[in-house]
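Okay, thanks for coming, everyone. Let me put the model up and walk you through a few spots in it.

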Amino acid sequence: MCGTCGCGDHSARPVDIGERILVDNDRQARHNREHFAERGVLAVNVMGSPGSGKTALLEATARALNGRLRIGALAGDLETARDAERLEAVGVPSLAITTGMACHLDAAMVHKALHQFPWADLDILFIENVGNLVCPAVYDLGQAVNVVVLSVTEGEDKPLKYPVMFRKADLVLLSKCDLMRHLPALRTDMIADALERVMPAPALLSVSQDGLGIDLWIRQLDEWRSAARVRETVHV
């Protein structure tokens with residue numbers, strides 16, 4: 001499966017190699033984080049399954065902000081720049097990161113992209129990770145917060161099946177809620193219960209492309225930006 005983390009072939013790779021990869025990645029992630037802190041840019045790692053609505057969320061965010069904040073995006077996929085092109089179409093400066101066989105972004109990929117992308121004057125940099133509920137949770141990119149997009153069409157038990165992803169999340173956005181009228185058996189209370197079981201600090205917000213919850217999502221982004229500025233001031 002993955003050309004870097006070996007997620008599909010653990011038996012063929014000694015444990016110390018995997019550990020060394022993560023050590024090197026964490027070192028690069030710290031460097032990325034220093035870059036973001038120096039320029040006051042909030043970096044948000046957006047994760048979720050393929051088709052969960054990550055790009056649609058960022059499109060809706062751009063429309064709702066209407067230029068109030070300067071946002072940009074790095075869009076990760078195995079191939080194509082389609083997500084970056086969608087974001088560019090709604091006014092979000094974007095750069096595609098194509099990973100080839102890697103099922104996640106890593107800190108080195110992000111760092112390389114920063115040298116090719118005008119990120120330093122942004123208020124928020126969204127890092128749209130490769131669609132996957134496993135590997136992206138393991139790799140620190142230097143982000144300030146982790147957001148997982150979980151669509152209502154994925155069912156109620158994803159947090160229990162993929163707990164590592166949701167343990168790392170600061171916020172879960174339950175997307176495509178406009179489709180719930182077509183899913184009469186879906187119980188959002190069961191999704192909330194599953195998150196309670198795996199997230200250290202459960203946080204769930206329902207959103208949809210018709211605007212549901214987007215104002216609350218933007219309020220959360222503002223709170224994260226304020227908290228980041230306070231941390232930077234204290235550090236200085």
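This is a predicted model: local features need pLDDT of at least 70, side-chain atom pairs count only at pLDDT 80 or more; totals for chains, interfaces and linings use all residues.

Residues are numbered from 1 along each chain as its sequence is written, and side-chain values use heavy atoms, with hydrogens and water left out.

So, helix 3, which covers residues 82–89. Helices here are DSSP runs of H or I with at least four residues, strands are runs of E with at least two, and both are numbered from the N terminus. Asp83, Ala84 and Leu87 are buried in this helix; buried means under 20% relative accessible area, exposed means over 50%, and partly exposed is in between, with a 1.4 Å probe and protein chains only. Look down the axis of helix 3 and the buried residues fall within an arc of 100°, so they line one face. That arc is taken over the directions from the helix axis to the C-beta atoms. As a reminder, an α-helix has 3.6 residues a turn, so residues three or four places apart point the same way. On the face turned away from the buried side, you get Arg82, Glu85 and Ala89, which are exposed.

What covers that buried side? The cover includes helix 2 (54–65), strand 2 (71–77), strand 3 (94–98) and strand 4. Contact, by the way, means heavy atoms within 4.5 Å. From helix 2, Thr55, Ala56, Leu58 and Glu59 meet Asp83, Arg86 and Leu87 of helix 3. And after helix 3 comes Gly91, with a positive phi near 90°.

Next, Ile127, which sits in strand 4 (residues 124–128). Ile127 is buried, at 0% relative accessibility. Leaving out residues up to four places away in sequence, Ile127 touches Val44, Asn45, Val46, Leu74, Leu105, Val110 and Leu141.

Last, the cysteines. How many disulfides do we count? The count is 0, where a disulfide is a pair of cysteine sulfur atoms within 2.5 Å. For Cys103, the closest cysteine sulfur is in Cys135, 3.1 Å away, so that's too far for a bond. Both residues are tucked away, if you're wondering: Cys103 is buried at 8% relative accessible area, and Cys135 is buried at 5%.
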